[in-house]
Amino acid sequence: MKYASDSPPSLPLLSPAPTAWYAFGLIALYFALQLAVGGLIGLVAGVVIVLQQGEGMGEVVHQARVWLGHSDASATAVMITLLVSAALIVHLTRRRWPSLWHRGDLPGLGFTPTPTPTLYAVAVVLGMLMPFIGGLLTQWLAQGHEVSQDIKQLGAHISPWLRLPLALLVISVGPLVEELLFRGVLLSAISRHMGSGWAIAITAVLFACVHLPDLSFLWYALPNLALLGLVLGWLRVQSGSIWPAVLAHGANNLLAVVSWFMMMPGH
C-alpha cells in the first residue's frame, strides 16, 4: 500500500524536521514532567498539612505520601499534572517546529483538517472497536490473569464529582498530547529514514512500551496497545491530519472510563 506521505513533500521545510533523538527526548520530558509536577503537588500538600498540624518539617514527605494515598487527592494531582505537562509539551513543540505544525504530509505534525472528512467517522468506529478487539487479544494472551491499569483503578475509586473532569481529560487532553508526541513528532522523525509503513510499526511498538508502567509491566497487554498504535498511525498517514488519530484515541479511552460511572464510590 502506498501512503500519502511517501510522496515528495509539496512544501518547503521552514523548520528543521524532528530527529529521532529529539522525539525520544520530548517523550521522556513529558513523563518526567508528570513525575516532577506530581511530586511537587504532593510536597506542597505535605507542607500545608505540617504547618496546620504544627509538626516538624521532617514530616513533610510522610504527610505528602499520606495525602497522595487518598484517591480523591491522587485524582486531583493527576489532573493538574496532566494539564501542566500537556501545556508545556504543546508549547515547546509548536515553538520548535512552527512551520510543521499545520502541515499534513510527513514530516509535518498534522494539525490541519483532513481532506477526507469520512475518515473522522472511520476514526470513531475504529476507536470504539479497538477496546473489544484488543481486549479479546489480551484475554487470550493473559490466560485468565487479570490486567489492571492504574488510571482505571483510580477512576473507579474516586468521588463521583471528580470522575467527570478526570474522564474529560482522559478522553481529550491525554489523547491530544500522546498523538502529538507519537503520531506527530516521533512518526515524523522515524519516517525521515524509512517508509511510512515501518515508521507506523516502530512507533506503535514504542507507544505500547511506554505504557508498561501503568500496566504493572504485564507484557501480555502490549499487543493490544501496539495494535491500537498501528491503527492510530494508519489514520494519521492516510488522513494527512493528526485529528482522526486523536479522535480514535479519545473514543478508545472513552469506553475505558464508562465503567467508572457504573460503580459506587470507593469510600
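Predicted model: local features only at pLDDT ≥ 70, side-chain atom pairs only at ≥ 80, totals over all residues.
Residues are numbered from 1 along each chain as its sequence is written, and side-chain values use heavy atoms, with hydrogens and water left out.

**Whole chain.** Switch to cartoon. You will find 10 helices and zero strands. Helices (H or I, at least four residues) and strands (E, at least two) are DSSP runs, numbered from the N terminus. Of the 267 residues, 45% count as buried, that is, under 20% relative accessible area; exposed is over 50%, and partly exposed lies in between (1.4 Å probe, protein chains only). Take the contacts with a separation of 6 or more: residues 24 or more positions apart account for 77% of them. Contact means heavy atoms within 4.5 Å.

**Helix H1.** Select residues 20-53. This helix has 34 residues and reaches 49 Å from its first C-alpha to its last, close to the 50 Å expected at 1.5 Å a residue. The expected span is 1.5 Å times one less than the number of residues. Gly54 follows H1, with a positive phi near 70°.

**Ser85.** Go to helix H3, residues 71-96, and pick Ser85. Ser85 counts as buried because its relative accessibility is 0%. Show its contacts beyond the neighbours within four places in sequence: Tyr30, Leu33, Gln34 and Val37.

**H4 against H10.** Select residues 118-142 and 243-258. The axes of H4 and H10 come within 7 Å and cross at roughly 35°. Axes are lines fitted to C-alpha atoms, for helices over the stretch in contact, and angles run from 0 to 180 degrees between N-to-C directions. The crossing is right-handed: the near helix is turned clockwise from the far one by less than a right angle. Show side chains next. On H4, look for Leu119, Tyr120 and Phe132, among others; on H10, the partners include Trp243, Pro244 and Leu255. The residues of this contact divide into 14 nonpolar, two polar and no charged. Ala, Val, Leu, Ile, Met, Phe, Trp, Tyr, Cys and Pro count as nonpolar, Asp, Glu, Lys and Arg as charged, and the others, Gly among them, as polar.

**Thr138.** Stay on H4 and pick Thr138. Thr138 counts as buried, because its relative accessibility is 8%.
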